[in-house]
Amino acid sequence: MTWISSGDDYPSDGSSADLVRRLAPERVSDGAERRITVDQTNRSVIVDESVIVKWLTPPVREPHHGLDLLAHLDAVGFVDMPSLLGVEASDGRVLAVVTEFVVGALDGWDWFVDALTDSVDDATQFVAPIPAAAEVGALAARLHLALATPSAIFPDLDGQVDVEYERDRCRALLAAASAEVTDRQSRAILADCDLQIRSLIETMPCGPTPVGLIHGDLHIGQVLRVDNRLTITDFDGNPLLDGASRRRLRPLAIDLAALIQSIDHAGRIAQKRRPSATEQLEPVISSCIRSTLSSYRSTLDAGGLGDRLDARLLPGLRAAQELHELVYAARHLPRWSYAPTATLAAMFQVTGDS
């Protein structure tokens, strides 16, 4: 890992290529830049179709937990991720992260949604997304197994926390959603399932639960696919909504719940693209979720860490993830609200008409 100091928090055109020339000169030639234009919290630029520079907006104070995770995973031999090439920091803040660009890779909002839409466009592909979802679940479990392997960066990875902390976080998300969501349909659905969400949050048991290192923002969009290879990316966590993401050790069920719900969200995107196939897609979405969960649990069990997953937390955390998505949409991306709204409607069988 290479560290470069700079005072430029808001890089101008050409600065990404300049940074790569300093950090990974063997990776750059012409210095051609291509900015990633999909919705992102940060600003990402691809240089020479070989390296991706993520400019953090705003910069993150050190220590940067995501960078520590990458260094740890590299140390324990986890290969299912793009390589970390370097970091730019200044005055105790991380300004940019430079990683390998996986040429030809699509993220899960592309390749997995395409698999779902193909399943209704071509009858021979109807079950194709289900084994793909199983691959994603197994990848997530391999990640957690690697994160649970001690290294010089993280030598002590055992511990417990009181579930009350996570339950309070979920309650706060419900309060935030109730106060901030303004989309009419979203508010109606949220009102219809409010009591059910509260009930699921309260099912999270009192007392201690096992914890470990987690990704912190694990969703299908973080899973890249090129040919038959899956890799996982973006270990920055999600501090925009969740101050708890700064905690080093957290329940593994947080990652799993977020991943499962993102599989559902991919299904809602597919339904939006193919509205005539909405009912046809419902069993496919459900099967994909079951496949992800089953594959994750069997892989974690095979690695000897099945007892690290407290499945009792999943129902409440899955419901809270939708609250997280609604609050994110209200604060940053209003057009996204349709996906968690549709997911809540399907989860709790409500219509918003009451």
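How are helix 3 and helix 8 oriented to each other? This report starts there, using a predicted model.

## Helix 3 against helix 8

Helix 3 covers residues 108-121. Its axis lies 9 Å from that of helix 8, and the two helices pack at an angle of about 60 degrees. Roughly perpendicular begins at 65 degrees, and roughly parallel needs an angle under 35. Helix 3 and helix 8 are therefore oblique to each other. Their crossing is right-handed.

Which residues of the two helices meet? Helix 3 brings W109, F112, V113, D114, L116 and T117. Helix 8 answers with S262, I263, H265, A266, G267, I269, A270 and R273. By type, the residues of this contact divide into eight nonpolar, four polar and two charged.

## Helix 8 itself

Helix 8 runs over residues 252-273.

## Helix 8 against helix 11

Helix 11 takes in residues 338-348. The axes of helix 8 and helix 11 come within 9 Å and cross at roughly 105 degrees. That angle makes helix 8 roughly perpendicular to helix 11. On the helix 8 side, the contact uses Q261, D264, H265, R268, I269 and K272. On the helix 11 side, it uses Y338, A339, P340, A342, T343, A346 and M347. The residues of this contact divide into seven nonpolar, three polar and three charged.

Is T343 buried or exposed? Its relative accessible area is 0%, so T343 is buried. Leaving out residues up to four places away in sequence, T343 touches Q261, D264, H265, R268 and E322.

## A loop residue: T182

T182 sits in a loop. Helix 5 (163-180) lies on one side of that loop and helix 6 (184-192) on the other. T182 has 68% relative accessibility, so it counts as exposed; the cut-off for exposed is over 50%.

How far apart are the C-alpha atoms of T182 and P334? They are separated by 9.3 Å, although the two residues are 152 residues apart along the chain.

Conventions. Residues are numbered from 1 along each chain as its sequence is written. This is a predicted model: local features need pLDDT of at least 70, side-chain atom pairs count only at pLDDT 80 or more; totals for chains, interfaces and linings use all residues. Side-chain values use heavy atoms; hydrogens and water are left out. Helices (H or I, at least four residues) and strands (E, at least two) are DSSP runs, numbered from the N terminus. The expected span of a helix is 1.5 Å times one less than its number of residues. Axes are lines fitted to C-alpha atoms, for helices over the stretch in contact, and angles run from 0 to 180 degrees between N-to-C directions. Angles under 35 degrees count as roughly parallel, over 145 as roughly antiparallel, 65 to 115 as roughly perpendicular and the rest as oblique. A crossing is left-handed if the near helix is turned anticlockwise from the far one by less than a right angle, and right-handed if clockwise. Contact means heavy atoms within 4.5 Å. Ala, Val, Leu, Ile, Met, Phe, Trp, Tyr, Cys and Pro count as nonpolar, Asp, Glu, Lys and Arg as charged, and the others, Gly among them, as polar. Buried means under 20% relative accessible area, exposed over 50%, partly exposed in between (1.4 Å probe, protein chains only).
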